[in-house]
Amino acid sequence: MKRILHLKSSLQGKGSYSIKLGNAIVERIQEKYPDNTLEELNLVDIEIPHLNPDVLRTFFIPGDQLTVAEKESIRFSDEVVKQLLAADIIVIGAPLYNFTIPTSLKAWIDHITRAGITFGYGENGPVGMVTGKKVYVAMSSGGVFSEGPGKVNDFVAPYLKAFLGFLGMTDLTVFRAEGLKVPGVKEYAWERAVESIEIN
Ligand SMILES: Cc1cc2nc3c(=O)[nH]c(=O)nc-3n(C[C@H](O)[C@H](O)[C@H](O)COP(=O)(O)O)c2cc1C
């Protein structure tokens with residue numbers, strides 16, 4: 001049985017390409033693994049707190065020494081970490097906003113990054129502890145960033161690959177609906193994105 005977690009972070013609701021692409025990826029995963037469960041987390045539907053000094057300090061207090069108030073302050077983080085660790089396959093909708101990922105997705109990343117829980121430090125440096133996962137990223141962008149002149153500004157895919165890899169999620173594949181605002185490309189962008197989906 002595969003547990004699928006689908007994260008959404010678009011502000012564009014029904015018109016969102018990263019959500020549509022994420023859904024298409026989920027469908028293909030479900031075809032491959034008929035025995036599955038699907039959990040969806042729309043990050044823009046919830047008020048994700050930014051990290052603040054108190055929360056950061058609390059992250060480093062051993063669990064058995066936390067006060068009730070401290071426990072409450074990291075409840076969201078604890079919940080998303082638990083949800084992530086329980087998943088086998090994670091589909092991350094990553095729309096490109098202002099050259100990077102949406103702030104809600106960055107906030108989620110800040111909350112799943114917990115020393116001693118999702119990463120640690122070994123003799124040879126950092127060790128990711130979120131292992132054995134398959135991650136698919138559903139990217140969508142107005143411009144083209146996988147090749148051509150836009151490639152120098154391709155920050156999202158390398159960032160997600162590097163950072164989620166740091167946490168142990170090294171098996172990551174990016175599918176892109178790109179050029180959605182580029183005449184001559186936008187007409188085929190969606191079709192190309194869907195055709196590129198390969199579940200391995
Ligand atoms: C606030 C905002 C910022 C954007 N910034 C960029 C950008 O920097 N580069 C780009 O190529 N497209 C940009 N776009 C276009 C989006 O990448 C495009 O609309 C894409 O479909 C977003 O994914 P979504 O449909 O899932 O929301 C931006 C769109 C919005 C709404």
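User: What is the handedness of the crossing of α1 and α7?

Analyst: In this predicted model, α1 passes α7 in a right-handed crossing. The term is used when the near helix is turned clockwise from the far one by less than a right angle.

User: Why are α1 and α7 called roughly parallel?

Analyst: Helix α1 (residues 17-32) and helix α7 (residues 186-196) pack at an angle of about 30°, and their axes are 10 Å apart. Angles under 35 degrees count as roughly parallel, so α1 is described as roughly parallel to α7.

User: Which residues make that contact between α1 and α7?

Analyst: From α1 come Tyr17, Lys20, Leu21 and Arg28, which meet Trp190, Ala193 and Val194 of α7. By class, five residues of this contact are nonpolar, none is polar and two are charged. Lys and Arg count as charged, and α1 supplies Lys20 and Arg28.

User: What makes α4 roughly perpendicular to α5?

Analyst: The axes of helix α4 (residues 75-86) and helix α5 (residues 103-112) cross at roughly 85° and come within 8 Å. The range for roughly perpendicular is 65 to 115 degrees, and therefore α4 is roughly perpendicular to α5. On the α4 side the contact uses Phe76, Ser77, Val80, Val81 and Leu84, and on the α5 side Trp108, His111 and Ile112. Six of the contact residues are nonpolar, two are polar and none is charged.

User: What residues of α5 and α6 meet, and how do they divide by class?

Analyst: Lys106, Ile109 and Ile112 of α5 meet Tyr159, Leu160, Phe163 and Leu164 of α6. The contact has six nonpolar residues, no polar ones and one charged.

User: What lines the largest pocket, and what is its volume?

Analyst: The volume of the largest pocket is about 220 Å³. Its lining has 14 residues, and Gln12, Tyr17, Gly142, Leu180 and Lys181 lie nearest the centre. The elements giving two or more residues to this lining are α1 and β6 (134-141). The lining divides into five nonpolar, eight polar and one charged.

User: Which residues lie nearest the centre of the second largest pocket?

Analyst: They are Leu11, Leu43, Val44, Thr103 and Ser104, out of 13 lining residues. The second largest pocket has a volume of about 170 Å³. Its lining has eight nonpolar, four polar and one charged residues.

Notes
Residues are numbered from 1 along each chain as its sequence is written. This is a predicted model: local features need pLDDT of at least 70, side-chain atom pairs count only at pLDDT 80 or more; totals for chains, interfaces and linings use all residues. Side-chain values use heavy atoms; hydrogens and water are left out. Axes are lines fitted to C-alpha atoms, for helices over the stretch in contact, and angles run from 0 to 180 degrees between N-to-C directions. Helices (H or I, at least four residues) and strands (E, at least two) are DSSP runs, numbered from the N terminus. Angles under 35 degrees count as roughly parallel, over 145 as roughly antiparallel, 65 to 115 as roughly perpendicular and the rest as oblique. Contact means heavy atoms within 4.5 Å. On a 1 Å grid over the protein atoms alone, a cavity is a set of points where a 1.4 Å probe fits but cannot get out, and a pocket is an open set with protein on both sides within 12 Å along at least five of seven lines; lining residues have an atom within 4 Å of a point. Grid points are joined across faces, edges and corners, and a volume is the space filled by probe spheres set on the points.
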